[in-house]
Amino acid sequence: MLLSLGSPPPAFTLADFGKVGAKPFSLASAAPGRPIVVMFICNHCPFVKHIRAELAKLGKDYMGKATVVAINPNDVENYPDDRPELMTAEAAAAGYSFPYLYDETQETAKAYSAACTPDFFVFDSTHKLSYRGQLDASRPGNGVPVTGADLRAAIDAAIGGKPANIEQQPSMGCNIKWKEGNEPTYHSA
C-alpha cells in the first residue's frame with residue numbers, strides 16, 4: 001500500500017554512513033515544527049548520479065530549515081557498488097551534508113513504499129506527508145537542466161506552512177534492488 005498524503009513519517013533508526021563512524025540516526029531526532037525530507041538514493045544508479053550535485057546543493061540550502069536525510073535501501077550483496085563503506089566515499093565526493101543512511105533490512109523503504117532511486121518524500125512542519133514525487137523533470141539524456149524545482153517548491157511550501165502543489169509527478173529512476181524474497185507487495189517484479 002502506498003504511503004498516502006497526510007500520513008506521518010514512518011519511524012526509523014538507521015546507521016549513518018555519510019560520515020566515517022556509521023553512527024545511528026533516528027527520525028525521532030527531527031526538530032519539531034520543521035519539515036522532513038526523506039530521499040531514497042544509492043551510489044550506483046545513473047538517475048541519482050545525474051542529480052547528485054543538486055542533492056548536495058539542496059542539503060546545504062535547507063540546512064537548519066528542514067531535516068534532510070537520504071537512505072540507501074539497495075541489496076548490497078547483488079549490487080556491491082552500494083555497500084555502506086562506499087556510501088561514505090560517495091557522500092564525501094558528492095558533498096552531501098545530510099545523513100546518508102543504510103537500510104540493511106529494507107524495512108524502511110517498505111514502510112515508505114519507496115519504489116525507485118531516487119524517490120522523494122516531504123513531510124510538512126506538522127510531520128504529515130505533503131509531497132511524494134520527482135526532484136524535477138530532468139533525466140539522464142533528456143537535455144532538461146537539473147534544477148530541483150519540484151522538490152524545492154514542495155519544501156518551500158512546507159516551510160511556509162502552505163500545501164504542496166496538488167499535481168505531483170512520480171519520481172523516475174532505477175527500481176530499488178530488493179533482496180530475493182523481500183519484495184514488497186506494492187512492488188511489481
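Q: Is Y112 buried or exposed in this predicted model?
A: The cut-off for buried is under 20% relative accessible area. Y112 has a relative accessible area of 0%. Y112 is therefore buried.

Q: How many aromatic pairs does a search of the whole structure find, and what is the geometry of F40 with F121?
A: The search of the whole structure gives nine aromatic pairs. One of them joins F40 and F121, with ring centres 5.8 Å apart. Their planes stand at 80 degrees, so this pair is edge-to-face.

Q: How many residues apart are F40 and F121, and where does each lie?
A: F40 belongs to strand 3, residues 36-40. F121 belongs to strand 7. The pair links distant parts of the chain, and the separation is 81 residues.

Q: Are F40 and F121 buried or exposed?
A: Relative accessibility is 0% for F40. It is also 0% for F121. Buried means under 20%, so F40 counts as buried and F121 counts as buried.

Q: What is the angle between the planes of Y112 and F121?
A: Y112 and F121 form an aromatic pair. Centre to centre, the rings are 5.6 Å apart. The pair is edge-to-face, and the angle is 75 degrees.

Q: Which residues do ring pairs link into a cluster?
A: F40 and F121 pair edge-to-face. Y112 and F121 pair as well. Through ring pairs the cluster takes in F12, F25, F40, Y112, F121 and F123.

Q: Which residue puts its charged end over the ring of Y79?
A: The charged end sits 5.6 Å from the ring centre of Y79. It belongs to K177.

Q: What is the phi of Q106, and is Q106 buried or exposed?
A: Most residues other than glycine have a negative phi. Q106 is not a glycine, yet its phi is positive, about 70 degrees. Q106 lies in the loop between strand 5 (100-102) and helix 3 (107-112). Its relative accessible area is 0%, so Q106 is buried.

Q: Where is H127, and is H127 buried or exposed?
A: H127 has a positive phi of about 60 degrees, although it is not a glycine. Its place is the loop between strand 7 and strand 8 (129-133).

Q: Which side chain makes a polar contact of 2.7 Å with that of D124?
A: D124 sits in the loop between strand 7 and strand 8. Its side chain makes this contact with the side chain of T126.

Q: What is the volume of the largest cavity?
A: The structure holds one cavity of 30 Å³ or more. The volume of the largest cavity is about 70 Å³.

Q: Which of the residues lining the largest cavity are closest to its centre?
A: The lining has 13 residues. Helix 1 (residues 46-61) gives the most, with three. Closest to the centre are I51, P118, S138, R139 and M172.

Notes. Residues are numbered from 1 along each chain as its sequence is written. Side-chain values use heavy atoms; hydrogens and water are left out. Helices (H or I, at least four residues) and strands (E, at least two) are DSSP runs, numbered from the N terminus. Buried means under 20% relative accessible area, exposed over 50%, partly exposed in between (1.4 Å probe, protein chains only). A polar contact is a pair of N or O atoms within 3.5 Å; within protein, one must be able to donate a hydrogen and the other to accept it, and residues adjacent in sequence count only if both atoms are side-chain atoms. Rings of Phe, Tyr and Trp (its six-membered ring) pair if their centres lie within 6.5 Å; planes under 30 degrees apart count as stacked, over 60 as edge-to-face and the rest as tilted. A charge sits over a ring if NZ of Lys or CZ of Arg is within 6 Å of the ring centre and within 35 degrees of the ring normal. On a 1 Å grid over the protein atoms alone, a cavity is a set of points where a 1.4 Å probe fits but cannot get out, and a pocket is an open set with protein on both sides within 12 Å along at least five of seven lines; lining residues have an atom within 4 Å of a point. Grid points are joined across faces, edges and corners, and a volume is the space filled by probe spheres set on the points.
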